[in-house]
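Keep the structure open as you read.

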Amino acid sequence: MSLTDVTTVPVGGPSLAQERRLVTAIPGPRSQELLERKADAVPSGVGHTVPVHAVAAGGGVVVDADGNSLIDLGSGIAVTTVGNAHPKVVEAVRAQVAQFTHTCFMISPYESYVAVAESLNRLTPGDHAKKTALFNSGAEAVENAVKIARKHTRRSAVVAFDHAYHGRTNLTMALTAKAMPYKSGFGPFAADVYRAPLSYPYRDGLTGPEAARRTISVIEKQVGADNLAAVVIEPIQGEGGFIVPAEGFLEELVRWCRENGVVFIADEVQTGFARTGEMFASDVFGIVPDLLTTAKGIAAGLPLAAVTGRAEIMDASHAGGLGGTYGGNPIACAAALAAIDVFENDGLIERAREVGAVLTRRLRALQVADPRIGDVRGRGAMIAAEFVVPGTGEPDAALAASVARASIAEGVIVLTCGTYGNVIRFLPPLSIGDDLLNEGLDVVAAALNAAQ
Ligand code: PLZ
């Protein structure tokens, strides 16, 4: 029998029972069977964090094949921000799939792609003329942003930052900072990519302007402004550890880019769409990027990504220079339009702030009682705790891993991140209720207390 061939599979979405419910150990027997099939059929390079087989999700829970209901504090890495199987998204996708599934926008265009572009041009920071091109994944969007910046500036060098994550394709691996697991053995990497220091207030102790001066000096000495097409930066780093730069750092960098004709690309793949308590993390700092990449939260789980930016930069490419078979697929666009409706009209920015207030209050209370939490940081519903050895501040990856593992075993999905692997990040769907969120945090707190 197929694992999904069970009559008891619940319908997903917000009507799912909003509870943590463990009816087997994690993983249960059905999930275990699936994991064995996965090991036989799927390469081990494609890992997984939570050893269960999902069959339904919605609100703040993921239900597995054994009937366990897990609290979701990860949103499939910041994707299901509006909630899994949100009714508006389900309805829009259903209607579009029955209408047409694909024509290829480069062959015969359709309105929903244009409408998504119009929405992004309107919602992203800055009131200058903008244009948007659609793609399939965050990595593809970042690749295209670099392509567009190079064409516009007729320069080739690109600067990325310490702790950066931009994807797993060849160019985005080059932009990504961390060797394991993202780069080791997968080179050679794309040329003309340079790395500059970031502002990491907890570890470098620098003010924003000091950190910016250091960064700009490295860029001027090692790359030279005249050779530089673009600077690519996550305004708040995702995989790198939810690092929030000190005030003034991004502002100063934008100013320097503008003075030197360098395209400032904000990678908002993880931070975009209400996650940070603003529509975009750039809004948190009041910066206006030249180009901005989005993906993840944009379409509630359907594969869609975008590059949005200044019309004159976006228009630098010749006709036919940008695109792809599936970029801006009509089903993904229908999902995005529904999700954008939810972001704008269902109070999600406000909700992200409320979720962030709960996360911050609870984690700071834990930090006061436990010196192994060195830092609590983030914005909105994007909050992390960094685990350290008390006294020395050395990263404690083993502790983060053990707290995450124990939380998952108790039915709470949490994700780790950080260059040193010592950060637990919280990025729940905004459809989670406060009770479930607090219960999830109770479980994490108990896991931390129990950890040696
Ligand atoms: N830029 C800022 O966060 C994706 C990837 C997890 P794709 N982050 C999660 C993993 O182990 O693969 C990401 C991101 C930022 C780009 C990307 C890449 O987006 O849609 O995964 O290609």
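The second largest pocket has a lining of 20 residues. Phe105, Tyr113, Thr132, Ala133 and Leu322 are the lining residues that lie nearest its centre. Bear in mind that this is a predicted model.

**The pocket**

- The volume of the second largest pocket is about 420 Å³.
- Two elements, α4 (111-123) and β4 (130-135), each supply at least two residues of its lining.
- Which element gives the most to this lining? Strand β4 does, with five residues.
- Sorted by class, the lining of this pocket holds nine nonpolar residues, nine polar residues and two charged residues.

**The sheet**

- Seven strands form an open sheet, and their pairing is mixed.
- Read across the sheet, the order is β4-β10-β9-β8-β7-β5-β6.
- Which strands are the edge strands? They are β4 and β6 (193-196), and each pairs on one side only.
- From one strand to the next, the twist averages 20°.

- Strand β8 covers residues 263-267, and strand β9 covers residues 291-294.
- These two strands pair in the parallel sense, over three bridges.
- Alanine 266 has leucine 292, in β9, as its bridge partner.

**Where the two topics meet**

- Strand β4 belongs to both pictures: it is an edge strand of the sheet, and it gives five residues to the lining of the second largest pocket.

Terms used: Residues are numbered from 1 along each chain as its sequence is written. This is a predicted model: local features need pLDDT of at least 70, side-chain atom pairs count only at pLDDT 80 or more; totals for chains, interfaces and linings use all residues. Side-chain values use heavy atoms; hydrogens and water are left out. On a 1 Å grid over the protein atoms alone, a cavity is a set of points where a 1.4 Å probe fits but cannot get out, and a pocket is an open set with protein on both sides within 12 Å along at least five of seven lines; lining residues have an atom within 4 Å of a point. Grid points are joined across faces, edges and corners, and a volume is the space filled by probe spheres set on the points. Helices (H or I, at least four residues) and strands (E, at least two) are DSSP runs, numbered from the N terminus. Ala, Val, Leu, Ile, Met, Phe, Trp, Tyr, Cys and Pro count as nonpolar, Asp, Glu, Lys and Arg as charged, and the others, Gly among them, as polar. Two strands pair if DSSP finds at least two bridges between them. Axes are lines fitted to C-alpha atoms, for helices over the stretch in contact, and angles run from 0 to 180 degrees between N-to-C directions.
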